[in-house]
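Have the sequence and the 3D view open as you read.

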Amino acid sequence: MVQGTMGYEFQNWATTYSCHPELYFEPTSVEEVRQILELAKQRNKRVKTVGCGHSPSDIACTDDYFIRLNKINRLLQVDKEKKQVTVEAGMLLSDLNEKLVTLGLALSNIGAVSDVTIGGVIGTGTHSTGIQHGILATQVLNDLDTHLKQSEYFRFFWFPNTDKVTVFYADRTDKPIKTSSSWLRDYAIGYYLLEFLLWISTFFPCLVPWITRLFHWLVYSAKVEQVKQSDKAFNFDCLFKQHVSDWAVPIKQTRTALEQLKEWLDSNPNVRAHFPVEVRFVRADDILLSPCYKQDSCFMNIIMYRPYGKELPRERYWAMYEEIMKRNAGRPHWAKAHSCLRQDFEKMYPAFDKFCSIREELDPSGMFLNNYLEKAFF
C-alpha cells in the first residue's frame, strides 16, 4: 500500500500560493494512484494532483490529499510511422522534447516553458502561438499530420507606456542549428538588469515607462536570426518571479481589446504596467472547456514582476484587464490567476453545463475538487 507523508508544504513556482495538505503522495504507478483514490473515497477526502507547480494560481492547492506525479514519467511507446508517442502524465515536457529529438520528431507547437509536466499542460489549456495550431491538448489526437505541416509561428510583444512592439517569427527549417552565444548572454544580462531596475522603481514608480522603453531597445537592438532546436526556440526563461494573467479573446477582437487596454493605461499613468503584453494566436478546437472552444483565438498575456520577491500593487491593472477581456468575449487560461466564478464560465462556454454533467458523473463525491475548482463549478 502506497504511504502518504504528513507535514508537507506545497508552494507554486512563483511562490504566490501555498498549501499544507493532510497527506502528500508520490506514486510510482497507475496502480498506486488507484490505491490513493480508493483511500480518499473511503475517508471522504478530496484529491489534487500537481506536476511542477508552475501555474501562477491556486489551481494545485488542497487541504486534503496531494499527489505529485513526478515518478510517473516514462516514455511508454513510440510509433514513428504515425509520428506518435505515448508517455505518462508526470513526464516533464523538457524531457519529452529531448527524447523526441533523438527520434527525429518534435511537438508541432509548445508553450513558453518546458519545466512543466505533460498532464499539466494538457489539463490547463497551455498554448503557444500560430493560428494554424491549437492549444497543446489538441495534439492528443489520433491524427497528428495536420499539426506537423509546415507553418509560420508568429507572436508579438507590446510594451506598455509605448507605441512599440517587437515581432517574433519562426518557421520550420532543415538548416543546421546556429545560435548566437553573445545574444543569449546579453539577453540574460538584460533580464537581470530589468529586475534590478524594477526593484529601484518600487521606490520611484515614475521610472517604469523609462525602464520599459530601455528594455524594448535592448530586445530590438539585439534582433538576430537563429536556427534552434524547437523547444529552445519557443521556451522563454522566466528568470525571476512574477504574477501572470492570460486570457483568450476571439481573434476578431484582437485589435479592439489591445486598443482598449492601451487607452486605459494611457489614461491612468499612476498604474504601472510591466513589460510585456505578449500576444499569441491559436486555432479553434472542440474541447469543451478549452479557451479556444469553437473560436480562433488571440491570447493576451500580462505580467507584473516581483523584483527580488517584492510584491507590487497590481489590483487596478488586473481588474481592468479582466474587465476588458470579458468585454471582448474573453476566456481565462485555466492555469493562470483570475477572479472568474461559475456564473462567468456559464456565459463564456456554450458547453459548460455539458462539462459539469460529465464531471459530476465521473466524480459524484467531489473527490477531485479544491477551492479553485469549487469557484469554477459551484
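## A buried arginine and its partner

Arg 306 is buried, since its relative accessible area is 5%. Here, buried means under 20% relative accessible area, exposed means over 50%, and partly exposed lies in between (1.4 Å probe, protein chains only). The side chain of Arg 306 meets that of Glu 311 in a salt bridge, 2.9 Å from N to O. Glu 311, at 43% relative accessibility, counts as partly exposed. A salt bridge is a side-chain nitrogen of Lys or Arg within 4 Å of a carboxyl oxygen of Asp or Glu.

Before going on, a word on the source: this is a predicted model, in which local features need pLDDT of at least 70 and side-chain atom pairs count only at pLDDT 80 or more, while totals for chains, interfaces and linings use all residues. Residues are numbered from 1 along each chain as its sequence is written, and side-chain values use heavy atoms, with hydrogens and water left out.

## Other salt bridges

How many salt bridges does a search of the whole structure find? The search finds 16. One of the pairs is Arg 74 with Glu 88, whose closest N and O atoms are 2.9 Å apart. Arg 74 sits in the loop between strand E5 (65-68) and strand E6 (75-79), and Glu 88 in the loop between strand E7 (84-87) and helix H2 (93-102), so this pair ties together parts that are 14 residues apart in sequence. Helices (H or I, at least four residues) and strands (E, at least two) are DSSP runs, numbered from the N terminus. Glu 88 counts as buried, at 8% relative accessibility.

Another salt bridge links Arg 327 and Glu 323, again with 2.9 Å between the closest N and O atoms. Both residues lie in helix H8 (residues 315-327), four residues apart, or about one turn of the helix. Arg 327 is partly exposed at 45% relative accessibility, and Glu 323 is partly exposed at 41%. Elsewhere, salt bridges that share partners join Asp 246, Glu 278, Arg 280 and Lys 336 into one network.

Which residues of H7 are buried? They are Thr 254, Ala 257, Leu 258, Leu 261, Trp 264 and Leu 265. These residues cover an arc of only 130° around the axis, which puts them on the same side of H7; the arc is that of the directions from the helix axis to the C-beta atoms. On the other side of H7, Arg 255, Glu 263 and Ser 267 are exposed.
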